[in-house]
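Here are some notes for a first look at this structure. Keep the view open and follow the points in order.

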Amino acid sequence: MHNVYCGQEIVGFAVLVALVLRTKLAESQIISDAEYNPFEHRQIDKPNSTTGSLIHLLKSSLGTGILAMPVAFKNAGLLFGAIGTVIIGLICTHCVHILVKTSHMVCQRTRIPVLGFAETAERVFQYGPAKLRPLAGFSKAFVDYALMATYFSAGCVYIVFIATSFHDVINHETGNDWSVRIYILLTMIPILLIGQIRELKYLVPFSALANLFIVVTFGITLYYIFKDPLEFDDKPMFSSFGTLPLFFSTVIFAMEGIGVVMPVENSMSKPQHFLGCPGVLNTAMGTVIVLYAVIGFFGYVRFGDESKGSVTLNLPLEDSLAVAAQILIALAILFTFGLQFYVPMDILWRKIQDKIPKNKHMISQIALRSGIMIIMGGVGLAVPELEPFIGLVGAVFFSSLGLFVPCVVETVFLWPNELGKFRWVLIKNVIFGAFSIFALVAGAYVSIKDIVALYTDDEGHTE
């Protein structure tokens, strides 16, 4: 009996020791997780320097959007447009900041060196509150499909932009009266060819030429804006409440580059330089906000209520320099289309390639790419007006993906005990989320209303 009792004591002591060791191991694991630095475990074949990453981020933000800023100011007025542009720019910057910061914290907690946008959303829900964990797969799919929809819809804007530029120049030079839709059909010929390029390295020469053309076009546009004295007196400080949704959605379309943020940050040799002060993000977005405000403000002062969906369309076609600017920017956007199309197709192909026999990958890629581009051209044919189209894309896709999703991701990750004093993080994200929903609903409503108005006369009959 005594032996049995001693045996039980030994077993009990062994269990106690095991529990103590397990506790110590768990504590050491927690400490290890807290000290885990994902940046030190990243393995990147050809990392980008801090300067190179800054250039990539600037390049992704300086496209067709900045050329639409004067028409955004037309919908807001000089004073409200200037203040609103700065505020929206700061909100967009903050939302990018919290997305990247949350991704870093998720990497640390899960001991994963690198996470993309969709993977960050998935892991946040996967390790978040128990009731939200079943939504992990949905959140990843939502971000992936939202990214695809965003890039495909932006590609539709590109097609309309290219066609409109050539329409104005060629019709003016030749005296033709061809509609924009004819030029959209003609534009689809090079689009269908460029869109078949599947290797990123082959798109580099096109991107380099596009950058050169954009810089030259900016220079010419600024020359026409400032070459004559500017008249400020006839421009309202505030436009009207009815056009504000278009202002918000156009500025969001112009500034949001949420799709390229995580790839740029993930490819940096020193990713710790992305956030912080000054940091890559703050430097890039500060530059973008200033440039967009300047082009929008002075472009609207120069062209007033005649401001169009791209400020280059306001340049006088009687001048050969203005004609050159319109042709160059059209070619720049055409050459950028391949890169714009590469991102969503890469996401889509990774989702479906395993379901297609390998010996049919080539023909499947050609057919899939051609089909999607034809659909994009069809959308452009249906809505050949640049201004409401930009507003619609900005309202529906960029506001939800660039503003709403980062707020949700941060809130879920910090829920419920890390939301700050008085849960100020939750309050802040609810406000920003409400703003993004307002921009989505109101912007989409006004844009669709304007698009419908293009097809109806004053009595409501189809033209």
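**Notes on the predicted model**

1. Start at R423. This residue counts as partly exposed because its relative accessibility is 36%. The model is a predicted one. R423 sits in the loop between α15 and α16. Its phi is near 55°, which is a positive value in a residue other than glycine.

2. Look next at F422. This residue is also placed in the loop between α15 and α16. F422 is not a glycine, yet its phi is positive, at about 60°. Is F422 buried or exposed? F422 is exposed, because its relative accessible area is 70% and the cut-off for exposed is over 50%.

3. Stay in that loop for P416. The loop that holds P416 runs between α15 (386–414) and α16 (424–454). The peptide bond from W415 to P416 is cis. Its omega is near -5°.

4. Now step back to the whole chain. How many helices and strands does the protein have? The secondary structure comes to 16 helices and zero strands. The protein has 463 residues, and buried residues make up 48% of them.

5. The protein exposes about 22,500 Å². Carbon and sulfur atoms supply 67% of that area.

6. Turn to the nonpolar core. The largest one has 125 residues. Which residues have the most contacts inside it? They are F117 and F274. In soluble globular proteins, nonpolar side chains tend to be buried together.

7. Look around F117 in particular. Leave out residues up to four places away in sequence. F117 then touches L99, V143, L147, I258, M262, L401 and V405.

8. Rolling a probe the size of a water molecule over the atoms shows where empty space is left. A search of the whole structure finds one cavity of 30 Å³ or more. The largest cavity has a volume of about 60 Å³. Its lining has 13 residues, and V96, M255, G257, V261 and M285 are the closest to its centre.

9. Ask what builds that lining. At least two residues come from each of α2 (50–61), α5 (78–110), α11 (258–266) and α12 (279–303). By class, the lining of the largest cavity has nine nonpolar, three polar and one charged residues.

10. α7 (136–174), α15 and α16 each supply at least two of its residues. By class, the lining of the second largest pocket has six nonpolar, three polar and five charged residues.

11. Move along to N171. This residue lies in helix α7. N171 counts as buried because its relative accessibility is 11%, and buried means under 20%. Apart from residues up to four places away in sequence, N171 touches F166, N176, D177, W178 and Y183.

12. H172 lies in helix α7 as well.

13. Follow H172 across the sequence. H172 and L317 are 145 residues apart in sequence. In space, their C-alpha atoms are 7.3 Å apart. With neighbours within four places in sequence set aside, H172 is in contact with L317 and E318.

14. Finish at P271. This residue is placed in the loop between α11 and α12. P271 is buried, with a relative accessible area of 2%. P271 and T50 are 221 residues apart along the chain. Their C-alpha atoms are separated by 8.1 Å.

Terms used
Residues numbered from 1 in each chain as written. Predicted model: local features only at pLDDT ≥ 70, side-chain atom pairs only at ≥ 80, totals over all residues. Heavy atoms only, no water. 1 Å grid on protein atoms, 1.4 Å probe; cavity = no way out; pocket = protein on both sides within 12 Å on 5 of 7 lines; lining within 4 Å. Points joined across faces, edges and corners; volume = space filled by probe spheres on them. Helix = DSSP H or I, 4+ residues; strand = E, 2+ residues; numbered from the N terminus. Nonpolar A, V, L, I, M, F, W, Y, C, P; charged D, E, K, R; others polar. Core = buried A, V, L, I, M, F, W, Y, C linked by side-chain atoms within 4.5 Å. Buried < 20%, exposed > 50% of the residue type's maximum accessible area, 1.4 Å probe, protein only. Contact = heavy atoms within 4.5 Å. Areas by Shrake-Rupley, 256 points an atom, 1.4 Å probe, with all protein chains shown as cover.
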